[in-house]
Amino acid sequence: MSHDTQVLGSTAGKHKEERAVRQVPFRGGGFVHRPMGPIGAVVFLAIIALWEAGSRTGVISPIALPAPSEALGALWDLVVTGMLWKHVGASLYRLVIGWTLGSLLGIAVGLMIGLFSLARAGLLPLVSALFPIPKIALLPLFIIWFGIGEGSKVATILFGTFFPTVIATYGGVDNVDRNLIRMGQSFGLSWLSIVRKIIVPGAMPAILSGFRISASIAIVLLVAAEMIGAEFGIGAYILMAGALFATDQLIAGVALLSVLGLSISWLIGRAERALLSWRA
Amino acid sequence: MLAISRRTFGAMVMVGSLGFMACEAGAADAINVGIIPSLTSHSPSIIAEAQGYFEDEGLDVEFVSFQAAQPMAVAIASGDVDFGLTAISGGLISLADKGAVKVIGGALMEDPEVEGQKILVSKAAYDEGVTTPADLAGRTFGITTAGSSFHYMAHKIADKEGFERSEISLKPLQKVPAIIASLKSGQIDAWAIVPNLANSLSAGEEVVEIGEVSDYIDSYQVTTVFTSTENAENNPDLVERFLAGLSKGIDDYNAALVDKTMSEEETAGIVEMIHQYIYADQPLDKADPRIRAGAMRISPNAALSLASVEDQLGWFKSEGLVPEGVTMDVLVNTDYVETH
Amino acid sequence: MQLILDRISHRYGGTNVLEDIGFTIGDGEIVCIVGPSGCGKSTLLRIAGGLEKPDAGEVLLSGEPARDSLNPLTYIFQDFALLPWRSVEGNVSLVLEDHGVSAQERRETIADVLARTNLSGFLGALPRQLSGGMKQRVAIARALAVKPAIMLMDEPLSALDSQTRELLMDDLIGLWQRERFSALYVTHNLAEAVRLGRRVIILSRRPGRIREVVEIDMPLEERPDRVTELDRLQRHVWDIMREEAREADREIADVA
């Protein structure tokens with residue numbers, strides 16, 4: 001072996017003398033994402049700093065946008081008056097109840113559509129027809145159906161989260177490996193066992209990505225939901241700020257929504273890591 | 001350069017009168033006037049346009065429709081609209097505080113001799129014993145948004161009847177139709193609104209009238225005329241011409257529908273003019289009675305009740321809805337109309 | 001217990017896939033089925049285990065399975081069919097959970113079958129952590145757990161590389177010598193067929209019919225040492241199949 005390499009080495013050396021030897025040019029690389037550390041935070045802070053500077057120097061008119069420091073001031077006002085917890089609490093209550101009920105119903109209906117041909121034939125066209133309806137358009141009807149109390153607010157979020165969950169769930173069921181189901185049948189597993197132990201866990205990745213979408217939709221709908229008769233809530237706070245043209249409060253409220261969105265996305269990320277640890 | 005950078009931020013810019021200066025040499029100045037096509041109080045501008053009063057002043061008026069007062073105020077601040085009539089709202093004061101808009105005259109007003117705004121309750125609340133405004137303590141009251149005229153009226157009732165403002169539970173419902181639906185279905189107990197809407201509501205089974213707003217607010221200046229600060233301060237000629245045209249429209253409106261001193265024929269003509277924009281979605285024979293019903297007086301010559309505006313501003317401050325530092329000077333430009 | 005396939009015919013859409021197939025798997029017998037691709041081998045296996053209904057003919061069982069057999073007809077799949085979210089232990093446990101086995105008994109069974117397949121140290125491992133050969137061992141352990149009377153094996157070694165295939169083949173032979181299970185073993189690999197089969201059934205190309213049955217009357221344990229004889233057998237099988245395979249290769253696939 002060592003003899004062979006020697007021979008190869010010597011021929012390579014000979015070639016070097018005879019004609020110019022070049023290195024093979026590197027053509028790989030790129031198209032791969034590298035972790036970049038805290039770049040996201042830096043970009044965010046840079047934009048805030050630029051914005052603040054623009055406001056201070058008057059390049060950005062106070063009517064166009066309040067300075068970030070003013071928005072921060074409005075946020076601080078919320079903290080010291082204790083209103084922050086009232087607003088966040090009221091919104092969280094609506095989000096949690098509406099989203100939980102919408103998701104549970106959505107998973108139930110999604111499983112039915114995924115498992116039963118009759119449900120699929122009967123419900124799928126209905127879901128496809130109702131999903132694209134903007135729930136805000138139904139708000140006046142929701143007032144009559146569910147009242148101006150918590151009912152219509154929870155219902156708005158519930159309807160908004162229900163449909164994407166249905167679609168994610170039955171899509172997940174459809175994508176469960178048929179061979180696994182056949183395996184379950186071949187070992188004489190009961191229908192319920194196959195659903196519980198094979199189909200539901202198999203559809204779980206799709207259901208969880210559905211949760212990401214439905215949670216974002218729930219936050220988007222929060223402002224619409226709190227248009228009706230809400231004294232407290234982040235959405236109500238934003239609407240009031242809009243009506244009073246208090247742009248600093250408006251930005252503060254929007255920032256709160258965005259923090260809420262980040263927190264929920266983080267929670268779902270945790271849930272994914274816990275429930276889907278079996279994926280590579 | 002400045003204007004471009006603001007535009008880039010997707011916000012509103014005060015280009016306002018730049019356009020007019022450029023074409024001053026032309027025949028007529030083109031201006032945009034904001035109206036809300038569901039409120040008859042916007043009629044004077046429409047009459048003035050139809051009768052040619054604006055044309056006489058060398059103004060070429062284009063009407064821009066809005067669903068609510070708030071976006072109209074923002075459009076005036078941005079310079080997309082030049083003049084508008086709306087209630088004094090938190091948003092309007094806030095825009096004035098930012099140096100964008102000014103109140104320059106008065107419009108709709110409570111007149112003790114003319115039917116004014118009514119206090120309404122749902123049938124359910126009435127049956128439970130809410131028969132006078134004094135019974136509103138502990139009840140729900142519909143408003144569009146915080147800092148709207150409805151919010152103000154609710155608190156003025158509480159003040160005069162001697163109970164805490166917080167005893168009236170306010171329900172922000174954003175839009176007038178939502179309030180009407182809620183009142184009719186008994187989901188809110190009370191509301192206050194201009195007579196033409198109030199009368200058509202209390203004509204039905206579900207709503208009962210229990211009082212008048214004029215008993216609670218002295219010489220209430222319900223709506224005002226406003227324009228951009230740019231116009232008010234640098235373009236007095238344009239403002240004066242607009243107000244002159246508007247005043248003639250106001251006179252026609254009051255004569256036809258409030259004092260009813262016009263002949264039926266002329267009145268019908270006025271109603272037809274108004275119908276071009278107000279209730280235009282209904283046939284004339286249906287819209288006619290709705291336009292005539294419960295017309296409230298519009299301040300002659302757009303005279304402004306400073307006392308009422310001051311009271312309203314004071315209330316906004318006391319509720320913390322606008323910054324403490326806003327003064328009457330910031331909100332009102334008194335150069336143009338008679339004040340009292 | 002015997003598994004009897006009686007004149008099985010089957011069609012997909014308008015195409016005949018299987019035609020008049022009949023044979024019997026006796027006690028402790030390994031029957032291999034070979035045939036060109038698309039001849040309906042896998043369909044036949046699904047029909048044999050009751051996962052699919054034939055259009056004509058019947059699948060019959062004669063005799064009773066052992067009393068402790070939980071699932072007399074048990075499959076081993078080419079793609080292993082392990083639940084990726086369950087550990088090795090959980091995957092074996094899955095097939096016991098529906099049979100009213102006590103937790104204690106279940107644990108014992110799992111420990112026993114994992115020991116028999118040399119997997120004892122991998123109780124908690126997830127499928128994605130295992131090599132292909134290990135995964136198939138888990139699938140075999142799972143099959144053993146329900147004490148099958150007849151194993152239905154669908155190209156169990158085809159997804160593995162050739163070295164792993166050799167190792168697993170030895171394991172299977174070892175297992176058979178201890179347990180003497182019966183099996184219907186579908187493969188396209190002729191070497192596997194002559195190594196394992198008591199009989200090798202050669203199917204024709206579509207529609208699959210029995211071309212020939214090759215009896216190999218040689219004890220399994222002797223086969224590794226009688227390579228030349230096996231080679232001759234394998235060539236014999238290939239001679240029968242060659243034309244079929246060539247024709248099948250030129251066909252346009254229009255069935256699953």
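This is a predicted model: local features need pLDDT of at least 70, side-chain atom pairs count only at pLDDT 80 or more; totals for chains, interfaces and linings use all residues.

**An exposed residue in chain A**

Modeller: With 10 C-beta neighbours inside 10 Å, Arg273(A) counts as exposed. Residues are numbered from 1 along each chain as its sequence is written, and chains are lettered from A and ligands numbered from 1 in the order in which they are written.

Biologist: Where is the place of Arg273(A)?

Modeller: Arg273(A) belongs to helix 11 of chain A, residues 247-275. Helices (H or I, at least four residues) and strands (E, at least two) are DSSP runs, numbered from the N terminus.

Biologist: By what distance are the C-alpha atoms of Arg273(A) and Leu65(A) separated?

Modeller: They are separated by 39 Å, and the two residues are 208 apart along the chain.

Biologist: What radius of gyration does chain B have?

Modeller: The value for chain B is 20 Å, which agrees with the radius near 20 Å that a compact globule of 340 residues would have. The radius is taken over C-alpha atoms, and the globule rule is 2.2 Å times the number of residues to the power 0.38.

Biologist: Which pair of chains shares the most contacts?

Modeller: Of the 2 pairs of chains in contact, chains A and B share the most. Two residues are in contact if their C-beta atoms, placed from the backbone, lie within 7 Å. No contact joins chain B and chain C, and their closest C-alpha atoms lie 49 Å apart.

Biologist: And what does chain C supply where it touches chain A?

Modeller: That contact takes 18 residues from chain C and 16 residues from chain A. Strand 5 (73-76) and helix 2 (88-97) of chain C each supply at least two residues of the side of chain C that touches chain A. The largest share of that side, 3 residues, comes from helix 2 of chain C.

Biologist: In what order do the 6 strands of the open sheet in chain C lie?

Modeller: The order is 5-6-7-3-8-9, with mixed pairing; two strands pair if DSSP finds at least two bridges between them. Strand 5 and strand 9 (210-215) of chain C are the edge strands, each pairing on one side only. From one strand to the next, the twist averages 20°.

Biologist: How do strand 3 and strand 8 of chain C run?

Modeller: Strand 3 (residues 30-34) and strand 8 (residues 199-203) of chain C run parallel and are joined by 4 bridges. Val31(C) stands opposite Arg199(C) in strand 8 of chain C.

Biologist: Which helix packs on the sheet?

Modeller: Helix 7 (residues 227-250) of chain C packs there, touching strand 3, strand 8 and strand 9 of chain C. The direction of helix 7 makes about 180° with that of strand 9 of chain C. Axes are lines fitted to C-alpha atoms, for helices over the stretch in contact, and angles run from 0 to 180 degrees between N-to-C directions.

Note on methods: A residue is buried if 20 or more other C-beta atoms lie within 10 Å of its own, exposed if 12 or fewer, and partly exposed in between; C-beta atoms are placed from the backbone.
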